[in-house]
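Hi,

Here is the structure I said I would pass on. Have a look first, and my notes follow below.

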Amino acid sequence: MNFKLQSMHMKLLSRVTADVKHTPSAHSTLDVLWVLYDRVLRITPETVDAPDRDRFLLSKGHGPAAYYAVLAAKGFIPEEWLDDMGGWDSPLGHHPDRVLIPGVEIGTGSLGHGLGLAVGTALGLRAQGFLDTRTFVLLGDAELDEGSNHEAIAYAAAIRLPITAIVIDNRSATHGGPGEWSGAPTGSNAHSDVSGQGNQPRAGLYAGIPVRFPNWSVSVVNGRDHDEIKRALRVVSDRPRLVVASV
Amino acid sequence: MRETFIDTTTAILDEDPRTALVVADISAASFTAARRRHPDRVFNVGIREQLMAGVGGGLALTGMRPYLHSYAPFLIDRAYEQIKLDLGHQETGAVLVSIGASYDAAAEGYTHQSPGDVALLDTLDGWTVHVPGHRDEVAALLRAAARHDDRVYVRLSTQENAHAHPDAGGLRVLRRGGPLVVAVGPMLDPVLEATLGMDVTVAYTNTPRPLDTDGLRALVEGEVVVVEPYLAGTSAHLVGQALNGMPHRALHLGVGRAEVRRYGDWRDHARAHGLDPAGLRRSISAFLL
């Protein structure tokens, strides 16, 4: 992230959190969200209701400060909204609500709901002929512990549904950290689906997340490197795709 | 009723490109032809009921009208939070169609029974609940649900009445007399038999939500008995609200909370819960004495 961009985001983020220190959950998603809205998603404040807009579903509704900051930076919501998150008169809660915030596709907070909604969204778009519309969903690594995700992961693979799931890996899962997870292949070439983006050396470290996505196309990227994130997110596949963004 | 649901939903899928069907293995084979004709709108997600509800929510977010279907305990009880959040919280709707009811699956045991489904939906906002009492009431309810985006639950059962009463969204009076006895869905025939020779008014509805509170206020003169094929007292709070300010006594009959650890068929369980004609007659007579 260049310095100017970074300072703008920090300013907006600080405005949301009213603090120069940010919780890890708020901060971990910032770069991926910025790349999504700046360089990947076909959506603007003018097209928030267009039926063929790309869909971005924030499943990990916790720590939405970065999400709100990016929505404000891109003009979906007024910057002034950032000053009163969680207030009685504010549309911005500690978890986002699609009914209150323009551009927000789903209301989340309880973990493990976004992937299933993303599968249904992608199926609905396909049924209506919006074949170029892409569906993205962002999860946290700890969120993957919710079993509902695995219903969606298996089904998306079985029907080769081309959604893109992004998992922000800040090693926050209670039993999911590298070295704690047992039974995973640990060699960098051990998982045949881990592909591309010049991240082979890191792949083994994060085997714990990709192995939860059997038969998905997988990339593991540096969650702070905008070019790497962009390259991974722009890949269009004929099956579901996982991008693990390590931060 | 299950066959009517399959035939009607198959026809709706043919006629209305906005509709979609999501099942979780239950009844999937019966929709093979529909799935072949509409592979983009008919989905079997496997034994994944949380996903079934999530997919329904996602489809609805894109403007589709999803029908979801399984056994009541899997459709409602198991996926309660998905119903609460993936539909209600998103301000989307779906048509949930269950089979099994309170004890159709008597020999399968309590795991396959959902006496609490309507009570669970009562914790949420905006649900219309249909409990048809006859297979010929089912098609119209399913077709009406295709024409809007609200949240609709259709509770099908093996037990049914001898005759259909299609216009029974509100309270429909079938016998005029003294104190009001309300029969919901398949409780009508047992209530009619139980009250033979008694001086009561019998009214029927296949749509307990929203409850016809105007009809209640018009028909109640002091005493009311409500007979529901799910948890006893599920409608008590609404009946109480409807009759607020009117002196009245109320008796709420339905399925008991205590698990009946016996098998048999639905008739055995109806008897065990006092919902057979003899049991109902005992309870209603004692109340009206």
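A quick one to start: which residue is the bridge partner of A:Gly140 in S3(A)? It is A:Ile168.

Before the rest, some housekeeping. This is a predicted model, in which local features need pLDDT of at least 70 and side-chain atom pairs count only at pLDDT 80 or more, while totals for chains, interfaces and linings use all residues. Residues are numbered from 1 along each chain as its sequence is written, and chains are lettered from A and ligands numbered from 1 in the order in which they are written.

Now the sheet in chain A. Strand S2 (135-140) and strand S3 (164-169) of chain A run parallel and are joined by five bridges. (Helices, H or I with at least four residues, and strands, E with at least two, are DSSP runs numbered from the N terminus; two strands pair if DSSP finds at least two bridges between them.) They belong to an open sheet of five strands in chain A, ordered S1-S2-S3-S5-S4, with parallel pairing. S1 (55-58) and S4 (217-222) of chain A are at the edges with a single partner strand each, so one side of each has no neighbour in the sheet. From one strand to the next, the twist averages 20°.

Helix H5 (114-127) of chain A packs on this sheet, where it touches S1, S2 and S3 of chain A, and its direction makes about 175° with that of S2(A). (Contact means C-beta atoms, placed from the backbone, within 7 Å; axes are lines fitted to C-alpha atoms, for helices over the stretch in contact, and angles run from 0 to 180 degrees between N-to-C directions.)

H5(A) also meets chain B. Its axis and that of helix H3 (49-61) of chain B come within 6 Å and cross at roughly 45°. Residues on the H5(A) side include A:Gly116, A:Leu117 and A:Gly120, and those on the H3(B) side include B:Gly54, B:Val55 and B:Gly58. The residues of this contact divide into eight nonpolar, nine polar and no charged. (Ala, Val, Leu, Ile, Met, Phe, Trp, Tyr, Cys and Pro count as nonpolar, Asp, Glu, Lys and Arg as charged, and the others, Gly among them, as polar.)

Last, chain B itself. The domain assignment, which is automatic or from a database, gives domain 1 (2-155) and domain 2 (172-288). Their centres, taken over C-alpha atoms, are 26 Å apart. Each domain of chain B gives 22 residues to the contact. On the domain 1 side, S5(B) supplies the largest share, four residues.

Cheers

Note on methods:
Two residues are in contact if their C-beta atoms, placed from the backbone, lie within 7 Å.
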